[in-house]
Amino acid sequence: MRLRVFNTYSRALEEFHPLDSAGREVKMYTCGPTVYSHAHIGNLRAYIFEDLLQRHLELRNYKVRRVMNITDVDDKTIQGSRSAGIPLAEFTLPFKQAFFEDLDTLRIKRADFFPEATDPGQIAAMIEMIQTLIARDLAYQADDKSVYFRINKFPAYGQLAHFDLSELRSTGRVKSDEYDKEHVGDFALWKAWDEEDGPVRWESPWGPGRPGWHIECSAMATQLLGEQLDIHCGGVDNIFPHHEAEIAQTEGCTSKKFVRSWMHCAHLMVDGQKMSKSLGNFYTLRDVLARGYTGRELRYALMRVHYRAPINFTWEGMEESREALRRIDDWVARLREKAGEENVQRPTPNVQRPTEEGSGFEDALDDDLNISGALGVLFETIRETNRALDLGKLDANEANSWLQWWERIDRVLGVSGEENAVPAEIEALGEARTQARLAKDWRKSDELRDELAARGWEVRDTKDGQKITRRAGV
Ligand SMILES: [Zn+2]
């Protein structure tokens, strides 16, 4: 079966063929974080979908060349640095670091490049693109000194989002400060400096200012991957205006089709509601870890739903993910034990490849990353091999062969191996309990034990001191 993906541009499932004439290299661009706060689980869902896509392409022997940008200048980052009273770069640095920590905790493979918007080379590339667009009459400088894209001169504008330009007029999108634009839908390529920007400014042919968000991605993508990409990903909320603008800018400069396949993942809800700080259901990875869950458990929870279906994040769902991973762990442990019985040499060249079920997993992912189908194959396999083990009908060679199959598909899932590391928050509670016990404050010690239990951790007092482990059956 050939890999098929759903292309937002055509609204159709299409066979995937890379631009590379040898058919092996895949150029992939993924919109990255805006570093004014920690990523929330909705952002993380998109990153995990993109990771699954990359890993599956690699399993299918494609060589993925991937870029993920870091937006470290925009209204929110500037506002954040102003209210913190520190320079922009100092304000964004800890959020950049936290972003990379999140990737590691969630076992997300690193992109080949993480360009930053404030990189002088990237700013120069953005300015150059804007100059080209002005020269082609696709952009203009307005009276407010900002430079805008002229959407009326780009007939394809609106095709990705599938809407009619005339609709824009009636939506009341006009902001009072945008009266200088020729068309209400014209978007900023270069934003002229104003007092609110403080020291954040770059020189340009149009005076001091900063680039718009959309031109950032067009410039970075073409700088690092060339004028044409195989796959561009993001969340559905990136479709308009961000990705629509990326197409207009890039194709406006190159006159070439920018992206072959546009892939977007759906929204994430929490307990059936839109995630928001005011509802108290706004979660980052840190919030999930503080409840005693691990990175791989969240990875699994965000990965197990098809990327084009909305995810409803719940704590029960986290429990189900924990249970699913436990079943996998137990199965792998059982197979290892069986394989070890006859001291099988690995790899074993004469071992048969596991049955059709084996390739069923990969076939399901070929079908627009049908993860539920793939996981269905995995759990059916687990059921059947466990039954065969119960009946003594699975020998060491077969067990070994299934282990090899598992190792292959786990290159895509990335969930094997228990995490034994105790999170810092849990360590701190344990330390507080040790102190309480030294002070013979038994009530406090019990309270802390209950607190740890509520978060899914068990405390045992041994002769070597206190031991904290994940609670069984939680
Ligand atoms: Zn982008």
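Strand 3 (residues 25-30) and strand 9 run parallel and are joined by three bridges; strands here are DSSP E runs of at least two residues, helices are H or I runs of at least four, and both are numbered from the N terminus. Strands pair if DSSP finds at least two bridges between them. This is a predicted model, in which local features need pLDDT of at least 70, side-chain atom pairs count only at pLDDT 80 or more, and totals for chains, interfaces and linings use all residues. Residues are numbered from 1 along each chain as its sequence is written, and side-chain values use heavy atoms, with hydrogens and water left out.

**Around strand 9**

- Histidine 232 has tyrosine 29 opposite it on one strand and tryptophan 262 of strand 10 opposite it on another.
- Strand 9 also runs parallel to strand 10 (residues 259-265), joined by six bridges.

**The cavity**

- There is one cavity of 30 Å³ or more, a cavity being a set of points on a 1 Å grid over the protein atoms alone where a 1.4 Å probe fits but cannot get out.
- The largest cavity has a volume of about 70 Å³, the space filled by probe spheres set on the points.
- Its lining (residues with an atom within 4 Å of a point) includes Arg45, Phe49, His306 and Tyr307.
- Helix 1 (41-59) gives the most to this lining, with four residues.

Key:
On a 1 Å grid over the protein atoms alone, a cavity is a set of points where a 1.4 Å probe fits but cannot get out, and a pocket is an open set with protein on both sides within 12 Å along at least five of seven lines; lining residues have an atom within 4 Å of a point.
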